[in-house]
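Q: Hey, can you walk me through this one? I'm new to reading structures.

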Amino acid sequence: MTASPSLTITDSIPEVTADDRAERLASAGSAWAQRIDTDPTTARLTYRVRGTGAGAVATAIRAGGHEFVVDEPAALAGDDIGASPVEYALGALISCQVVVYRLYAHVLGIQVDDISVDAEGDLDARRLFGIDESVRPGFTAVRLTVALEGPEPEERYEELRRVVDAHCPVFDLFANPTPIDVTVRKL
């Protein structure tokens, strides 16, 4: 008896043609433009996500109808059953870049046949562990490598990069301070 090949996460992502993607982007852009033109307050979105501690240091996350686990590797007291918080942060940046590249490629008429993004983030753990309060606890640097496949000249893809950097919400979260209001309550 032969074992079935195991499924990967990408096996659950539906195949979409370039024409279907273009239609979806045009339709969504048109619907949002009409909605915002009618009532500008509809452009203001609030996202809600809930996390509950589980295991040693894992967190069970619920975002809309989706659930996932965030954990740490054993070296950081975790069970390594999910990506770490900083890996998810880099993943959020990558996925937002992919969406916004596709959106603005469509808007600007720049052909992108394929896209992949790699991210690296440098983090100094001394602050995390209370060893050196003078260093930043978060990333000190993030590097993105965006690989675009298509027939356009390099200048057009550079134009696209500038537009994406100016419009990508998660890029903005990394590039600029965001006010955070924290409330602690006893259950």
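This is a predicted model: local features need pLDDT of at least 70, side-chain atom pairs count only at pLDDT 80 or more; totals for chains, interfaces and linings use all residues.

Q: Okay, so is Cys 168 buried or exposed?
A: Cys 168 has a relative accessible area of 2%, so it counts as buried.

Q: And how many disulfides are there?
A: The structure holds 0 disulfides. Cys 96 is in no disulfide, and its nearest cysteine sulfur, that of Cys 168, is 3.3 Å away.

Q: Why doesn't that pair count as a disulfide?
A: Because the two sulfur atoms would have to be within 2.5 Å, and here the distance is 3.3 Å.

Q: Is Cys 96 buried or exposed?
A: Cys 96 counts as buried, because its relative accessibility is 14%.

Q: New topic: where does Asp 71 sit?
A: Asp 71 lies in the loop between β3 (66-70) and α2 (85-108). Asp 71 is buried but has no salt bridge.

Q: How far away is the nearest opposite charge?
A: That's the side chain of Arg 50, 18 Å away.

Q: What does the Asp 71 side chain reach, then?
A: The backbone nitrogen of Asp 80, at 2.9 Å. Beyond its close sequence neighbours, Asp 71 is also in contact with residues including Val 57, Gly 78 and Pro 85.

Q: Now β1: how many of its residues are buried?
A: The count is 0 among its 6 residues, so β1 (residues 49-54) is hardly covered.

Q: Which strand is it joined to?
A: β1 runs antiparallel to β2 (residues 58-63), with 6 bridges joining them. One of the pairs is Val 49 with Ala 63. In the hairpin, 3 residues lie between the strands, and Gly 55 takes a positive phi near 60°.

Key: Residues are numbered from 1 along each chain as its sequence is written. Side-chain values use heavy atoms; hydrogens and water are left out. Helices (H or I, at least four residues) and strands (E, at least two) are DSSP runs, numbered from the N terminus. Buried means under 20% relative accessible area, exposed over 50%, partly exposed in between (1.4 Å probe, protein chains only). Lys and Arg count as positive and Asp and Glu as negative; His and the chain ends are not counted. A salt bridge is a side-chain nitrogen of Lys or Arg within 4 Å of a carboxyl oxygen of Asp or Glu. A polar contact is a pair of N or O atoms within 3.5 Å; within protein, one must be able to donate a hydrogen and the other to accept it, and residues adjacent in sequence count only if both atoms are side-chain atoms. Contact means heavy atoms within 4.5 Å. Two strands pair if DSSP finds at least two bridges between them. Lists of a residue's contacts leave out its neighbours within four places in sequence.
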